[in-house]
Amino acid sequence: MTVIHAQNPLAALSGKGRSLLGVEAGLGAAWLALAVIAALVGGGVSVFAGMGSLASGSVWAGLEQAHPALMLLYVVVPAMVCGFGTLWLPGALHRGGMLANAVNLSALGLVTAGMVLTVGAALSGSGPHGGGATAAMLLWSAGTVLACMALLVTIFDSRADSVERRAFSPFVWGEMLSASVLLLAVPVFAAHLVRQGLASVGVLSVSTVVGAESFAGPIGLVVLLAGFGIVFEMSAHIGRFSEKPVALVMAATAGTGLVTWAKADLASGAEQATALRIGAALLAVCTFSAVSLAGLWLAGTWRSRVSPRVPLLWGMGFLVVVSVGWVAQLMHGAGLHSALQLGALYAVCGGFYLWRGQTGGFWYPQRLARLQFVLTAVATVLVFVPGQQALGSALFGLSALCFILAVGLGLRYGALEQTGKVAMAPVRSGRMGRGEGA
């Protein structure tokens, strides 16, 4: 495998760097496509269930049981860590390409196989804790570890080879800390799955059943860290952010969150009361982190002229939803689960449109993208209004249709004429491609 150690961003535009860039573009797009498919399947079933359109006992009703696994495991991580990380890290690190592309490709294959097996197990009626679902989550675990290793190797190698020690951007910090959290937490999750599999054949006995919901803590940290990193990247050309405070808040959140989740996950018996108290403290820390990161974003863009372009609309929606969700959970004991799921939706959609427009230089129908944002924002409000969940589900369905139509039209008419080659990563100096900017 030929690796080009280029600190000049333009080095990727010539020679072997160009073909290597194509590899990252294909891998990143494949990760995003996997996340979009999982979101449409899991979110679509949830929408029909919320509208009361799924008959009880039908085959499609069984697919609703796979909704937590699809949304937590196959949307958040493939899009926010693997997809955007593969697409944007080379440019953000000022290097010619990613390392370990073969490892990243193997990870994509394992995670894709896990998603197919998850859907198959749900349609067969084996349940979210059956043998098929457990095997699918083990495949996901193996693929996620490999993908995180590829991202971290690229980040650390760029730091070792760099002649000029540039400070990491908030996006790089978010990706690096998210990958680190997953690299440490996924083996613990996989060990529980192995024990559960051995218990199903009578080798061991376990007192608790492990599913995708058991991994919601680390996924919440990923949404918080990678999501804010993506939002800061959307605003890189309109604001001036100090990297050190953002990095300190992100690192503190990742460290305390991971340790607390492991403590609560491994607690048993009398220690569970202590774990609950630690969890309450973690909730306060993460609430403070979310509000602090939103405040740092506001401080960096306070005197800037912010135009309501499509990616930035989704970014500001992420800031509002996630910050309000953490505060509502701390004060009222509810709202965090919905806020994290919806926050991931805003970050993924905003990042997708940023990739298609600014960093990829491709056209997409902006009016449809704005209509999708409006429908999603109204549906988000209705989720928290008692008795309006059915209407909110219907609006989420219309939002998904707008997204599908926007993607279809963008792929059909999308290539803009380029005067030069397009770099596949946002440049922090604010240089923009000819597509839709942030």
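**Close-up 1. In this predicted model, helices α6 and α7 are roughly antiparallel to each other.** The angle at which α6 (residues 170–200) packs against α7 (residues 216–234) is about 165°, and their axes lie 7 Å apart; since angles over 145 degrees count as roughly antiparallel, the pair is therefore placed in that class. The crossing of these two helices is left-handed. On the α6 side the contact is formed by Pro170, Phe171, Gly174, Glu175, Leu177, Ser178, Val181, Leu182 and Ala185, while α7 contributes Pro218, Leu221, Val222, Leu225, Ala226, Gly229, Ile230, Phe232 and Glu233. Sorted by class, the residues of this contact comprise 13 nonpolar, three polar and two charged ones.

**Close-up 2. Helix α7 also meets helix α3, with axes that cross at roughly 35°.** The axes of α3 and α7 come within 10 Å, and α3 passes α7 in a left-handed crossing. From α3 the contact takes in Leu72, Val76, Val77, Met80, Val81, Phe84 and Trp88, and from α7 it takes in Ala216, Ile219, Val222, Val223, Ala226, Gly227 and Ile230. By class, 13 of the residues in the contact of α3 with α7 are nonpolar and one is polar, with no charged residue present.

**Close-up 3. Helices α12 and α13 pack at an angle of about 160°.** The axes of α12 (residues 366–383) and α13 (residues 389–413) are 8 Å apart, and the angle makes α12 roughly antiparallel to α13. The crossing in which α12 passes α13 is left-handed. Contact residues of α12 are Leu368, Leu371, Gln372, Leu375, Thr376, Val378, Ala379, Thr380, Leu382 and Val383, and those of α13 are Gln389, Leu391, Gly392, Leu395, Phe396, Leu398, Ser399, Cys402, Phe403, Leu405, Ala406 and Leu409. The contact of α12 with α13 holds 16 nonpolar and six polar residues, and no charged residue takes part.

**Close-up 4. A salt bridge joins the side chains of arginine 95 and aspartate 157.** The N to O distance in this pair is 3.2 Å, and the count of salt bridges in the model comes to one. Arginine 95 belongs to the loop between α3 (67–92) and α4, whereas aspartate 157 belongs to helix α5 (residues 131–161), so the pair ties together parts that are 62 residues apart in sequence.

Close-up 5. For the protein the mean pLDDT is 78, and 76% of the residues reach 70 or more.

Terms used. Residues numbered from 1 in each chain as written. Predicted model: local features only at pLDDT ≥ 70, side-chain atom pairs only at ≥ 80, totals over all residues. Heavy atoms only, no water. Axes fitted to C-alpha atoms, helices over the stretch in contact; angles between N-to-C directions. Helix = DSSP H or I, 4+ residues; strand = E, 2+ residues; numbered from the N terminus. Parallel < 35°, antiparallel > 145°, perpendicular 65-115°, else oblique. Left-handed = near helix turned anticlockwise from the far one by under 90°. Contact = heavy atoms within 4.5 Å. Nonpolar A, V, L, I, M, F, W, Y, C, P; charged D, E, K, R; others polar. pLDDT = per-residue confidence, 0-100. Salt bridge = Lys/Arg side-chain N within 4 Å of Asp/Glu carboxyl O.
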